[in-house]
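Hi everyone, thanks for coming. Let's bring it up on the screen.

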Amino acid sequence: MTNKAIATACAVALAAFAGSAILSTAQAKTLVYCSEGSPENFNPMLSYTGTSFDAQRPIYNQLTGFEYGGTAVVANLAEKWDVSPDGLTFTFHLRKNVKFHTSKTFKPTRAFNADDVIFSFERQWKKENPFFKVSGGGYDYFTDMDMPKLLKSLDKIDDHTVRFVLNEPNAPFVANLAMDFASIQSKEYADQMLKAGKPELIDQEPIGTGPFEFVQYVKDATIRYKAFAAYFGTKPKVDTLVFSISKDPAVRVAKLKANECQVAFGPRPADLPDLKADKNLTVLAQSGLNIGYIGMNTKKKPFDDVRVRKAMTMVIDQKSILDAVYQGSGQPAKNLIPPTMWSYNDKVPAYKMDIAGAKKLLAEAGYPDGFETDLWAMPVQRPYNPDARRIAELVQADLAKIGVKAKIVSYEWGDYRKRVQAGEHQMAQLGWTGDNGDPDNFFVPLAACSSKNAAQWCDKEFDDLVTKAVKSTNLAERTKLYQQAQEVMNKQSPYFFIAHSLVHLPMRKTVTGYKMSPFGAHRFDATDVK
């Protein structure tokens with residue numbers, strides 16, 4: 001975008017802000033966050049992207065939570081919990097007098113209780129639940145976390161006690177319940193909307209127990225929230241929270257500099273020097289718990305042949321991608337999990353360029369003259385993938401060196417993700433940011449046979465290792481199993497791993513109290529604006 005275009009966009013945006021209730025008054029505080037995209041919906045059970053989770057996070061709570069800015073599991077809607085000696089039974093003692101939000105559609109008559117917990121999990125779990133197919137159903141995260149296989153029963157002991165019984169031990173279970181898919185909805189609201197013949201409203205006009213109440217959503221423009229006066233936790237520091245949606249990172253930067261937003265998502269690496277030099281701004285940074293990668297569809301030719309997949313890893317110039325795209329904000333990846341995560345296997349060999357070797361492998365696989373393939377480029381920017389189109393162009397040029405002709409294609413983000421899960425691609429870029437600090441959160445959703453992973457990969461040896469690891473409560477044993485799983489993945493090469501990135505978040509110096517999340521989540525309940 002040109003400087004003139006940016007200036008015009010800013011002028012239009014400023015006029016819109018001035019003509020709305022977004023700007024704060026002398027009595028109220030408003031925080032505006034420049035986000036990068038529109039949410040799929042307002043129910044985290046139905047979502048799979050950080051964009052959607054960020055938009056839903058102010059509204060909901062889970063039974064457990066993560067400490068602000070860290071990975072430690074803390075109490076949330078459950079005040080405490082007990083675990084049986086065999087690791088199969090988890091009893092949660094619920095917080096009392098927790099209020100639900102109100103809206104023009106719904107006014108709660110009771111506080112949060114065990115019925116809401118049962119409903120929120122059974123909606124995703126049991127096909128006979130009247131809400132199972134509402135809003136299209138499709139509880140991908142619940143499924144990819146192996147919850148249908150893991151859960152044996154969920155019972156209400158009394159109004160403030162629920163008991164989960166598992167089919168097998170699961171070491172990260174309590175941490176998993178702090179993730180967004182485990183958010184708690186109001187059963188009373190669901191029942192009322194079902195009776196009114198409008199069950200989908202609970203996913204469009206959300207009601208939760210979180211620090212902010214949903215006010216309004218204008219697609220591809222803004223999301224407005226207001227502080228929830230009856231919130232059971234520490235009250236938010238600002239009265240109004242606004243997500244100002246701008247897909248273009250240059251526009252987000254321009255809005256931040258003009259103080260039209262106070263925090264801005266994901267700057268381009270090329271913008272960082274200028275942002276750091278601005279005396280009105282602060283740029284936070286930390287190592288991301290993430291991975292950017294290219295999935296090779298193992299169910300489609302020619303990537304059903306491991307020799308072809310290996311050839312790709314020998315010809316794609318990882319260093320050139322890091323230099324040209326990440327510009328110092330990424331480190332080369334060789335495993336699915338980042339090196340900051342426990343059980344990382346540093347003995348796995350790094351990629352080495354070998355064009356002659358790649359040609360030899362292709363010839364052995366029956367492709368001496370190369371082949372044609374698609375190469376899907378993500379339509380959105382992420383810290384783990386700052387410029388998907390540029391990465392695709394660099395990979396396209398590398399593949400041409402061994403006679404492989406790659407056609408770059410893309411789709412709207414929601415459609416892109418669904419098509420990749422359906423396996424329509426041959427090669428596709430994707431990435432991941434961890435949700436709970438456990439290796440299981442990478443290996444199962446991104447590579448287990450039960451997942452809709454981008455490589456359409458299912459390997460029994462790998463699956464057995466990660467399944468055994470998640471059942472163990474012995475950290476040393478889990479570490480050894482996950483390291484073996486990384487060796488299997490390296491030999492089979494369903495992915496080309498690109499990078500683990502640094503995550504940067506620029507904000508106005510007037511912003512206080514914000515902490516970056518290791519999971520890439522954006523939380524504003526403790527954030528203030530001077």
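The lining of the second largest cavity divides into 6 nonpolar residues, 4 polar and 1 charged. Here Ala, Val, Leu, Ile, Met, Phe, Trp, Tyr, Cys and Pro count as nonpolar, Asp, Glu, Lys and Arg as charged, and the others, Gly among them, as polar. By cavity I mean a set of points, on a 1 Å grid over the protein atoms alone, where a 1.4 Å probe fits but cannot get out; lining residues have an atom within 4 Å of a point.

A quick word on the source: this is a predicted model, where local features need pLDDT of at least 70, side-chain atom pairs count only at pLDDT 80 or more, and totals for chains, interfaces and linings use all residues. Residues are numbered from 1 along each chain as its sequence is written, and side-chain values use heavy atoms, leaving out hydrogens and water.

Back to that second cavity: about 80 Å³ of space lies in it, counting volume as the space filled by probe spheres set on the points, which are joined across faces, edges and corners. Among its lining residues are Lys 334, Tyr 351, Met 489 and Phe 497. Which element gives the largest share of this lining? That's helix H18, with 3 residues. Helices (H or I, at least four residues) and strands (E, at least two) are DSSP runs, numbered from the N terminus.

Now, the largest cavity holds about 110 Å³. Its lining has 13 residues, with Pro 267, Pro 269, Pro 383, Leu 502 and His 504 nearest the centre. Strand E18, residues 495-508, gives the most to this lining, 4 residues.

How values were computed: On a 1 Å grid over the protein atoms alone, a cavity is a set of points where a 1.4 Å probe fits but cannot get out, and a pocket is an open set with protein on both sides within 12 Å along at least five of seven lines; lining residues have an atom within 4 Å of a point.
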